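I opened this notebook to record what I looked up, residue by residue, in the structure shown below.

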Protein chains: 2
Amino acid sequence: MTQLEFAKNNIATGTVKKICRKEGLGITQLLKYIKEGKAVIPLNKNRRIEKPCAIGKGLSTKVNANIGTSTDKGTINDEIKKLKAAIKYGADAVMDLSVGGSLIRMRREVLKHSSVPVGTVPIYEVSVRAKGLKKDFLDFNIEDILAVLETQAKEGVDFFTIHAGVTKKSLRALSTQKRFLGVVSRGGAILAAWIKKHKKENPFFEYYDRILDIAYRYDVTLSLGDGLRPGSILDSTDPAQIEELRILGDLALRARKKNVQAMIEGPGHVPIEEIKQNVLLEKKLCRQAPFYVLGPLVTDVAAGYDHISASIGGALAAGYGADFLCYVTASEHLRHPSLSDVREAVVAAKIAAHAGDLAKGIKGAIKWDKEFTLARKKRDWKAQVKLSIDPDKANDYRRSSRPHLSDVCTMCGDYCSIRLMDECAKK
Amino acid sequence: MTQLEFAKNNIATGTVKKICRKEGLGITQLLKYIKEGKAVIPLNKNRRIEKPCAIGKGLSTKVNANIGTSTDKGTINDEIKKLKAAIKYGADAVMDLSVGGSLIRMRREVLKHSSVPVGTVPIYEVSVRAKGLKKDFLDFNIEDILAVLETQAKEGVDFFTIHAGVTKKSLRALSTQKRFLGVVSRGGAILAAWIKKHKKENPFFEYYDRILDIAYRYDVTLSLGDGLRPGSILDSTDPAQIEELRILGDLALRARKKNVQAMIEGPGHVPIEEIKQNVLLEKKLCRQAPFYVLGPLVTDVAAGYDHISASIGGALAAGYGADFLCYVTASEHLRHPSLSDVREAVVAAKIAAHAGDLAKGIKGAIKWDKEFTLARKKRDWKAQVKLSIDPDKANDYRRSSRPHLSDVCTMCGDYCSIRLMDECAKK
């Protein structure tokens with residue numbers, strides 16, 4: 001049985017119990033959300049991991065870190081270092097988006113080293129295989145796709161991004177309002193090109209039931225990808241994006257009926273004033289399925305600092321109800337990310353997730369701020385460092401600049417306001 | 001005449017004209033906003049600067065960078081380097097918050113090297129002088145305060161933060177709801193301690209008219225400080241904060257009547273879900289005076305990354321109508337900031353300001369994103385670097401990781417979606 005089937009039968013699996021303890025959520029409550037499709041547990045039947053998580057209603061906002069080789073950069077060793085850093089600094093899930101080198105070896109290492117759920121975008125392997133075998137990355141058919149899905153599911157991948165919403169129909173919507181930046185999803189672009197070349201419907205859409213069968217057998221959660229997400233705030237919330245979202249909503253419902261867990265991927269590039277509406281639309285059109293947003297970036301001009309732009313958008317989206325934030329690194333749009341880019345991006349996304357949790361009233365979220373505030377009040381530096389979102393960085397900063405008085409920091413020195421008020425109260 | 005008097009007489013000064021050209025705003029419009037107290041031009045009569053700015057309604061959101069020595073850290077040379085970096089990366093104003101070493105020499109250098117408006121918190125110099133002369137930093141009176149204000153105004157300081165809202169009454173409000181973290185403003189703490197020690201009313205409040213006289217003579221803009229701003233999201237929007245805000249509203253009105261420009265300082269630490277209400281309250285209680293927010297930080301746990309926490313809060317606040325964002329560095333709460341902390345914090349605040357400008361519909365803000373999007377579409381890397389919020393960083397990233405194909409980046413390599421769609425369109 002899948003987690004969804006267990007939930008439908010009101011059976012709490014060990015994973016459900018573990019998650020409820022961690023989140024401080026009642027078991028009945030979580031089972032209800034899973035049953036209703038409002039929460040998912042991305043966990044392959046064949047995998048045991050130390051840190052499973054649930055994503056969705058009533059749960060703390062989760063963070064995903066993308067790693068993987070490109071055709072230009074990234075060795076398996078380097079990417080595994082990034083994987084470990086991502087998990088160390090708080091990623092709740094990782095996606096292996098490799099398209100360069102040996103995809104199979106890379107995935108094996110990721111699955112071996114990851115204590116958190118692992119996701120992939122199988123169309124990448126399908127394309128890379130086609131290119132290797134037939135010299136054209138678009139030379140694949142549904143059997144090739146199913147073979148890759150089956151292999152990856154058997155290996156233990158916990159969630160698949162599939163771009164089943166890039167259809168003839170949603171592509172037509174692209175022409176109703178001309179975009180500044182067209183299709184920016186790699187998977188979306190591959191499928192759009194495939195549809196054009198083969199003059200056939202997207203196989204992920206056409207053979208969705210067969211994909212569901214594989215997902216069901218291994219309890220792989222489907223992350224319904226937004227292949228038509230806008231790549232510029234000038235294109236945000238346009239007809240093609242919404243048409244695809246509508247299709248994804250239907251597909252999420254079909255998954256649920258077949259006892260397959262599903263979540264919905266979202267943009268991308270969204271200006272602040274449209275984020276609330278984007279979350280609302282997803283929740284309505286996709287029957288409250290968990291919302292997995294990429295950023296969103298609130299401006300296009302922050303290349304080199306897109307982790308910050310994404311943190312703004314992610315915090316807002318989470319506050320309005322988004323459930324899962326995909327980090328964006330400072331390298332996005334410029335280069336393959338470095339190890340330190342990965343760390344900084346995870347932390348930036350964790351800040352956004354936590355700020356969002358405070359806003360959406362996740363039980364216990366404020367406790368962390370309270371403990372930190374009390375440590376700050378006492379000027380207990382050890383506790384402040386320990387409670388910081390990245391204790392290593394807080395520690396480095398603290399150690400790099402020692403104050404004259406041990407209970408303050410070098411920012412204010414003698415004029416530390418908290419110390420001053422304490423002295424004043426004593427008089 | 002002050003800028004406010006000129007505006008009341010419908011006279012456009014050279015500075016007004018220059019600002020209107022830069023902002024793409026009509027002269028009549030800006031004069032109207034200044035007249036109504038909705039916008040200010042912080043510029044001392046005695047100073048000529050290359051980059052004056054206006055802050056307030058209809059204008060792009062501005063960014064302030066704090067520099068200055070503490071009693072523990074910071075040489076004048078180091079601080080001037082930070083000043084230059086802050087301006088290079090886009091700060092619209094700087095504040096010299098020095099409390100260590102020679103305050104006079106430091107300020108002279110700042111005024112000499114700053115091409116943007118310079119602000120100070122004169123109570124710091126008052127206290128440091130008192131400590132030097134009388135061994136107690138609280139041993140000062142109104143004459144000492146006025147002497148410092150006069151000196152600094154004569155030297156050319158463009159705006160003063162004065163904590164005139166920390167009064168016996170607003171301090172009483174502190175006891176109506178116990179705070180987790182008390183008073184965290186340095187100026188606020190000094191004045192609260194002074195009031196307790198001397199059992200007298202805050203001299204900035206009691207002798208406000210005399211302060212206005214000095215501000216008027218030099219056209220120093222008053223930045224009415226929030227000495228009682230909460231320093232933890234657990235204390236946000238509490239009775240003391242709002243009582244002080246109400247007082248600041250009255251003081252802003254009194255300034256306007258005396259032809260003195262005024263803006264209002266705001267928190268601090270505010271969870272996402274209270275930011276809109278904070279902006280609204282300021283605009284209502286302070287008769288639409290420009291709102292100058294410090295961050296705000298949306299969580300207390302991001303020590304080491306407070307520039308990101310502040311960027312989230314600042315973007316939201318700006319989107320709802322805040323006019324001026326004070327940067328917060330990654331070092332905040334941990335140490336005196338480094339040069340690179342200053343640069344990163346300025347850029348983080350600029351991202352927030354621009355995201356806010358997009359949300360509040362500032363004329364021309366979207367043009368930047370449009371140009372960037374078009375450069376991205378063309379995969380014109382030179383233009384992308386040039387248009388980036390920090391071209392130096394974008395350039396460093398780009399150069400550090402060269403792709404195999406010159407028109408993509410190493411993130412996606414051969415699988416660049418934009419390139420793929422272009423190739424596809426050609427077929």
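Helices, of at least four residues, and strands, of at least two, are DSSP runs numbered from the N terminus. With that convention I placed B:Pro296 in the loop between strand S9 (291-294) and H14 of chain B. I note at the outset that this is a predicted model, and I read each entry below with that in mind.

Entry on cis peptide bonds. I looked up the bond that joins B:Gly295 and B:Pro296 and found it to be cis, with omega about -10 degrees. In chain A I found that the peptide bond from A:Pro267 to A:Gly268 is cis as well, with omega near 10 degrees, and that A:Gly268 sits in the loop between strand S8 (262-266) and helix H13 (272-285).

Entry on positive phi. I checked A:Asn259, which is not a glycine and yet has a positive phi of about 65 degrees; its place is the loop between helix H12 (239-257) and S8 of chain A. I then turned to A:Asp219, another residue other than glycine with a positive phi, here near 50 degrees, in the loop between helix H11 (208-218) and strand S7 (221-224) of chain A. A:Asp219 counts as buried because its relative accessibility is 3%.

I located B:Ser311 in helix H14, which spans residues 306-320, and noted it as buried because its relative accessibility is 1%. From B:Ser311 to B:Pro271, 40 residues apart along the chain, I read a C-alpha separation of 13 Å. B:Val63 belongs to strand S3 (residues 62-67) and is buried, with a relative accessible area of 0%. B:Val63 and B:Glu371 are 308 residues apart in sequence, and their C-alpha atoms are 23 Å apart in space.

Entry on the surface. Is A:Lys22 buried or exposed? I found A:Lys22 in helix H2 (residues 14-23) of chain A, and it counts as exposed because its relative accessibility is 69%. A:Lys22 takes part in a positive surface patch together with A:Lys17, A:Lys18, A:Arg21 and A:Lys51.

Entry on the two chains. I looked up how chain A superposes on chain B and found a rotation of 180 degrees with 0.0 Å of shift along its axis, at an RMSD of 0.0 Å; that is the relation of a two-fold axis. In chain A the C-alpha nearest the axis belongs to A:Ile312, 2.2 Å from it.

Key: Residues are numbered from 1 along each chain as its sequence is written. Chains are lettered from A and ligands numbered from 1 in the order in which they are written. This is a predicted model: local features need pLDDT of at least 70, side-chain atom pairs count only at pLDDT 80 or more; totals for chains, interfaces and linings use all residues. Side-chain values use heavy atoms; hydrogens and water are left out. Patches are made of residues with over 30% relative accessible area and no salt bridge: like charges are joined within 9 Å, nonpolar side chains (Val, Leu, Ile, Met, Phe, Trp, Tyr) within 5 Å. Accessible areas come from the Shrake-Rupley method with a 1.4 Å probe; for residues, only the protein chains shown count as cover. A salt bridge is a side-chain nitrogen of Lys or Arg within 4 Å of a carboxyl oxygen of Asp or Glu. Lys and Arg count as positive and Asp and Glu as negative; His and the chain ends are not counted. The place of a charge is taken as NZ of Lys, CZ of Arg, CG of Asp or CD of Glu. Buried means under 20% relative accessible area, exposed over 50%, partly exposed in between (1.4 Å probe, protein chains only). Copies are superposed by least squares on the C-alpha atoms of residues with pLDDT of at least 70 in both.
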